[in-house]
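Visitor: I'd like to learn how to read a few features of this fold. Can we go through them one by one?

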Amino acid sequence: MLLQLAIGDAYGAGFEYAPDRLVRERNDGAGYTRHPRHDIEPGCYTDDTQMSLAIAEALVENDPWTRESLAARFVAAFKRDPREGYASRFHGLLTEVRDGDDLLARIRPDSAKSGAAMRSPPLGVLADTAQVIRRAELQARITHDTSGGVASATASALCAHYFVHRHGPKAELADFLLAYVPGPWDRPWHGKVGALGMDSVHAAVAALREHASMRELLRACIAFTGDVDTVATIALAAGAHSEEIAQDLPVSLYEGLENSRYGRDYLATLDARLMALAG
C-alpha cells in the first residue's frame, strides 16, 4: 500500500495544478515529471506520503489513538524530514511548533480541504470497519474538524479497507461507502479536481470504479487535472489491494521513487509491518 501510495503522490506532484497541455503531453504513466513551477525533484513524494507515514507508524507501534499522540507523530514526521507540498499556513505552523502539544494549542482545524483524507488510507488495514471509522474521524478532527474534512477522511480510509479486506467487487465500492458516509460516491467525476477533500475522494472513487489497471488508474487520476497528487495517492493505495486491478505499474516508477532515509526502502519495510496488521 505505502509504496503505491507514494508513487501516486510523487507522480502526481509533477502535475498538481499544472497546465492542461503539460498533462496531455507527459501523463504517460512511465516516469516522473518535473513540475513547471515547484522545486520538488522528480520521484520525490510530498506531504500526502509524509503524513500517511505518520499514521502508519502510529498504527504499527500501537500508539494510543489520541489527539496528543497523533499530533506528536505529525510534528515528528515533518521535523525529521522537512519537505514541500504542505499548504503554506500548515507548513509554516509545522516549522514553528515545538511538539504535538504546541501544534494542538495553535492550530485552527477549520479546513475542509484534503489534508486529512490524503493520510487516511493506512487505516484501511484494520479489520474492524467501525474502528476504521472511529480512528479516521479522530485523526481528521486534529486538522480538519469540518463535516467535509471528516467525511472525506473516513471515505478515504474505507476505500482502502474495502479492498484490503475483500468486502466485494469494485463495482460495489460506492454502495459500501454510502452505507457509512453520505456522499457522491456513486456518480462519475468530471472536470478539474479542487482542493476540497470530498472532491479528491470522489474523483479517486470514480477512477477506481472505471479502471482495471494500476497504470491506467494512475493516468486517469492525473488526467482529471487539479489536485491530482492527492487523488492518485488515495486511489493507488486502495487499488493496490483490488483483485480486479492489474498490478502493472512500471518498474521505472518503483526504481525512480526517492530512496532517501524515509524513501523507497523505508516505505517497503514499514509497508510489510502495516500489512501484517490486516491479519
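Visitor: Is Y11 buried or exposed?

Guide: Buried means under 20% relative accessible area, exposed over 50%, and partly exposed in between, with a 1.4 Å probe and protein chains only. Y11 has 0% relative accessibility, so Y11 counts as buried. F15 counts as buried too, at 1%.

Guide: Before we go on, this is a predicted model: local features need pLDDT of at least 70, side-chain atom pairs count only at pLDDT 80 or more, and totals for chains, interfaces and linings use all residues. Residues are numbered from 1 along each chain as its sequence is written, and side-chain values use heavy atoms, with hydrogens and water left out.

Visitor: What kind of aromatic pair do Y11 and F15 form?

Guide: Rings of Phe, Tyr and Trp (its six-membered ring) pair if their centres lie within 6.5 Å; planes under 30 degrees apart count as stacked, over 60 as edge-to-face and the rest as tilted. The whole structure holds eight aromatic pairs. The one between Y11 and F15 is tilted, with 5.3 Å centre to centre and 45° between the planes. Elsewhere, ring pairs join Y162, F163, F176 and Y180 into a cluster.

Visitor: Which ring does R80 lie over?

Guide: A charge sits over a ring if NZ of Lys or CZ of Arg is within 6 Å of the ring centre and within 35 degrees of the ring normal. R80 lies over the face of Y262, 4.0 Å from the ring centre.

Visitor: How far apart are the end C-alpha atoms of helix α15?

Guide: Helices are DSSP runs (H or I, at least four residues), numbered from the N terminus. The expected span is 1.5 Å times one less than the number of residues. For the 13 residues of α15 (264-276) that gives 18 Å, and the end C-alpha atoms are 18 Å apart, which agrees.

Visitor: Which residues of α15 are buried?

Guide: They are L267, L270, D271 and L274. Down the axis of α15 they fall within an arc of 115°, so they line one face of the helix; the arc is taken from the directions from the helix axis to the C-beta atoms. An α-helix has 3.6 residues a turn, so residues three or four places apart point the same way. On the other side of α15, T269, A272 and A276 are exposed.

Visitor: What covers the buried residues of α15?

Guide: Contact means heavy atoms within 4.5 Å. The cover includes α1 (2-13) and α3 (47-60).

Definitions and conventions:
Helix = DSSP H or I, 4+ residues; strand = E, 2+ residues; numbered from the N terminus.
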